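Please have a look at the display before I start.

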Amino acid sequence: MQEVPELVGGALCLDVANSVDGRVLDVPLDYLTTYSDLVDWASRAGGLSAAESTALLARADADPGGASEELDRARALRESVFELFYGLATAGVADPERLAAVQREYTDALGHGRLEPGDDGLRWSWETELALPRWLVAQSAIDLATGGSLRRVKACASQDGCQYLFVDTSKNGSRRWCSMTDCGNQAKSRRLTARRRADRSGGR
Ligand SMILES: [Zn+2]
């Protein structure tokens with residue numbers, strides 16, 4: 001099993017957007033190559049309970065074709081979320097196509113949830129379908145976009161193509177790096193540089 005990066009986004013949708021390293025490279029490193037990667041990642045990011053993860057993995061086993069289609073769709077949403085928030089964070093501009101794509105996924109998602117009695121009043125409950133991780137990412141993206149923290153969404157200040165997104169919750173809004181132990185001390189930069197070199201020599 002490959003080593004996975006720490007989660008630094010502070011919102012489910014950003015943590016999922018950060019599941020690609022080095023989008024600027026010819027061959028980015030995508031951590032979501034199977035449906036089970038997607039479930040693990042969403043679960044690690046706090047989006048899925050243990051019971052939901054187990055149920056989704058069982059469904060994926062029973063319907064590999066459906067799981068593979070769902071992975072593609074979830075990855076497409078991930079790219080829309082990334083482009084939308086990266087554009088907002090770095091240029092203050094919301095790409096209309098990405099905006100529409102995220103909205104489409106959200107309106108699709110809403111048809112698969114319902115309001116029901118919970119421990120403390122009412123709660124929103126999603127169907128446990130293969131698409132659940134995608135629905136949760138769409139909901140998280142809408143919450144982040146409309147919840148008052150949008151101005152705090154930033155992209156890592158690394159000049160070497162990190163592009164990780166995070167919500168800056170520091171008091172004075174001074175956070176610059178995805179992670180001090182990674183880009184803050186250039187560890188990721190060194191990794192990406194090594195990868196670039198490998199691409200150049202290992203490619204055609
Ligand atoms: Zn970084």
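This is a predicted model: local features need pLDDT of at least 70, side-chain atom pairs count only at pLDDT 80 or more; totals for chains, interfaces and linings use all residues.

Is Asn 18 buried or exposed? At 3% relative accessibility Asn 18 counts as buried, where buried means under 20% relative accessible area, exposed means over 50%, and partly exposed lies in between, with a 1.4 Å probe and protein chains only.

Residues are numbered from 1 along each chain as its sequence is written, and side-chain values use heavy atoms, with hydrogens and water left out.

Asn 18 sits in the loop between α1 (12-17) and β1 (20-21); helices (H or I, at least four residues) and strands (E, at least two) are DSSP runs numbered from the N terminus. Leaving aside residues up to four places away in sequence, Asn 18 touches Val 8, Gly 9, Trp 41, Gln 163, Tyr 164 and Leu 165, a contact being heavy atoms within 4.5 Å.

Now to the metal. The zinc ion has as its protein donors the SG atoms of Cys 156, Cys 162, Cys 178 and Cys 183, at 2.3 to 2.4 Å; donors are N, O and S atoms within 2.8 Å of the metal (3.2 Å for Na, K and Ca), and since water is not among the atoms, sites may look incomplete. The angles among the four donor atoms run from 103 to 118 degrees, and the site is tetrahedral, a label given to four donors if all angles lie between 85 and 135 degrees. Cys 156 counts as buried at 8% relative accessibility, and Cys 178 is buried too, at 4%. According to the unreviewed UniProt entry, residues 152-196 carry the annotation "domain: Zinc finger CGNR", and such annotations may be inferred rather than shown by experiment.

Finally, the salt bridges, each a side-chain nitrogen of Lys or Arg within 4 Å of a carboxyl oxygen of Asp or Glu, come to 13. One of them joins Glu 70 and Arg 134, with the closest N and O atoms 2.7 Å apart; because Glu 70 lies in helix α4 and Arg 134 in helix α6 (residues 132-146), the pair ties together parts that are 64 residues apart in sequence. Arg 134 also meets Asp 108 in a salt bridge, at 3.4 Å from N to O.

Definitions and conventions:
Four donors count as tetrahedral if all angles lie between 85 and 135 degrees; four count as square planar and six as octahedral if opposite donors are over 155 degrees apart and all others between 65 and 115; anything else is irregular.
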